[in-house]
Amino acid sequence: MRRSLLLASILSAGLLVPALADAQYYGYATRNVNVRAGPDRSYPLVGWLQEGTEIEIFGCLDTWRWCDIQGGVYRGWVYSGFLAYPYEGGWATILETGPESGLPMLSSMRPAAIIAVQSRC
């Protein structure tokens, strides 16, 4: 009996870990925004998103000023003051709520993939 309970507990825990690791956070762009290759305006532009575009939020830096997101075909960094997500029954910008947001905090930045297109003349 004890062995069966132990086995069931281990299997249940194993099933929950992937679900927690794959937690997804969604929001939207509150205005037209640039998506950059890194968390600062000095990084190259990867693309831009229109106001209202739904985004997936992977996490934000510990300052809560820049977040790693995916919006449409673009993945990169967006200033958090232009990103809203569900918060306490409404919507709030990530910059306003910071650590209270419950969003993952990233300890280091992930450079966005940049695809260079060379023209052949």
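Is W66 buried or exposed? At 13% relative accessibility, W66 counts as buried, a label for residues under 20% relative accessible area, with exposed meaning over 50% and partly exposed in between (1.4 Å probe, protein chains only).

Let's step back to the whole chain. This is a predicted model, where local features need pLDDT of at least 70, side-chain atom pairs count only at pLDDT 80 or more, and totals for chains, interfaces and linings use all residues. Residues are numbered from 1 along each chain as its sequence is written, and side-chain values use heavy atoms, leaving out hydrogens and water.

The protein chain has two helices and nine strands (DSSP runs, numbered from the N terminus: H or I of at least four residues for helices, E of at least two for strands). Of its 121 residues, 32% count as buried.

Now back to the rings. The whole structure holds four aromatic pairs (rings of Phe, Tyr and Trp, the last by its six-membered ring, with centres within 6.5 Å; planes under 30 degrees apart are stacked, over 60 edge-to-face, the rest tilted). Here are two of them:

| Pair | Centre to centre | Angle of planes | Kind |
|---|---|---|---|
| W66 and Y79 | 6.0 Å | 70° | edge-to-face |
| Y79 and F82 | 5.2 Å | 65° | edge-to-face |

W66 lies in strand β5 (residues 66-71) and Y79 in strand β6 (residues 74-79), so their pair ties together parts 13 residues apart in sequence. W66, Y79 and F82 form one aromatic cluster. Y79 is partly exposed at 23% relative accessibility, and F82 is partly exposed at 25%.
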